[in-house]
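Reader: I have a model open on my screen. Please show me how to read it.

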Amino acid sequence: MEEYWLWFLTRKTLYRPQQRELLRAFCTPKGVFEAKEEELERLKGLSPSQRAELLGGKREWNPEKYAHGLDARGIRFISREHPKFPERLKEIPDPPFGLFVKGALPRPDIPAAAIIGARSCSLYGKEKAAQLGSFLAENGIQVISGMALGIDGAAQWAALEAKGKSFAVLGCGADICYPKSNRSLYERLASEGGILTEYPPGTQPLAMHFPVRNRIISGLSDCVAVVEAREKSGSLITADLALDQGKEVFAVPGRMEDPLSRGCNRLIAQGAGILWEKEELLYACGQTPGAAGKKEIPKLVLEKKENMVYSVLDFHSRSLEEIVEDTGLLPQEAMAAVVSLKLLGAVKETAKNYYAKLF
């Protein structure tokens, strides 16, 4: 049956409405494959070009050749009838008919959380996404997202850096890296996690694909965390889908005047959980913080100037100018103290001349 699903889902002129109508009429993809021309003509939802592709596609279809092409790209296909198709996706409204997978699938016996948000995010948002991705990975939670720029990519990259598992759901074919600038993340996900999509190889990243794929991101997850989002955002679509699927949704609160916080603040006003500490996501995944998620905080023995600098730093970034202003140190003294703290592993440079605490 897999070869019939593969034929059915690789018809380029068919979209989900036509696919659903065909399955209602003929029950299975094999039934569609075997349908006669006069039977297809009776379906009002099919255009002449779609009927022509179905009829012509049967003559040209070579399942062995297509499967060989998938193997050459490192992609495999599983239909919703395959025993390894994710159980989580079987339970959502309108589950995908099949998945094209590069790498692994999320493990069904391990909790998963989605971290999503704005592509054009702030430095603070990117840091929070990375902290959440790392924290979840350290606690054995799989991280699901869309491999987009900004929040998605930051969370997934951090999860991989923490030796965890992360999985990207794409709005294009699994053989296409979108955005292109995330090539390194794409390759790491393919080898250390997984890349999933319902679109066959070669499918371009069209705008209409992304709202549809969001139901898979939320469907694979036990809960969804929105870090930053504008009022009209694809992240809010994912949050709505998650609620429809019975999943918990959390949002990171932000300043009233910040456009990147408006979507999160609106979600909170509508009843989403306030993500005021990372542990909330563990509870939503059915876990409690344990030894695996706890790091022993080292006891620092600091010189006076180092201590002055460390005391004015926070977990979100502060500039060197702010450090100088708050400590009263000379710029060269503040920089020397920062360098010393970096060597001790207590401080990281998040951007040029911007620093944050690590614990």
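Author: Start with burial. Buried means under 20% relative accessible area, exposed means over 50%, and partly exposed is in between (1.4 Å probe, protein chains only). Here, buried residues make up 52% of the 359 residues. This is a predicted model: local features need pLDDT of at least 70, side-chain atom pairs count only at pLDDT 80 or more, and totals for chains, interfaces and linings use all residues. Residues are numbered from 1 along each chain as its sequence is written, and side-chain values use heavy atoms, with hydrogens and water left out.

Reader: Is Gln 142 buried or exposed?

Author: Gln 142 counts as buried because its relative accessibility is 3%. Strands (E, at least two residues) and helices (H or I, at least four) are DSSP runs, numbered from the N terminus. Gln 142 belongs to strand β4, residues 142-145.

Reader: Which residues is Gln 142 in contact with, leaving aside its neighbours within four places in sequence?

Author: Contact means heavy atoms within 4.5 Å. By that rule, the partners of Gln 142 include Arg 88, Pro 106, Lys 165 and Phe 167. For the protein, take contacts between residues at least 6 apart in sequence: 70% of them join residues at least 24 apart.

Reader: Where is Leu 206 found?

Author: Leu 206 sits in the loop between β6 (194-197) and α11 (209-219). Leu 206 counts as partly exposed because its relative accessibility is 40%.

Reader: How many helices and strands are there in the protein?

Author: The protein has 17 helices and twelve strands. Its C-alpha trace spans about 85 × 45 × 35 Å along the principal axes.
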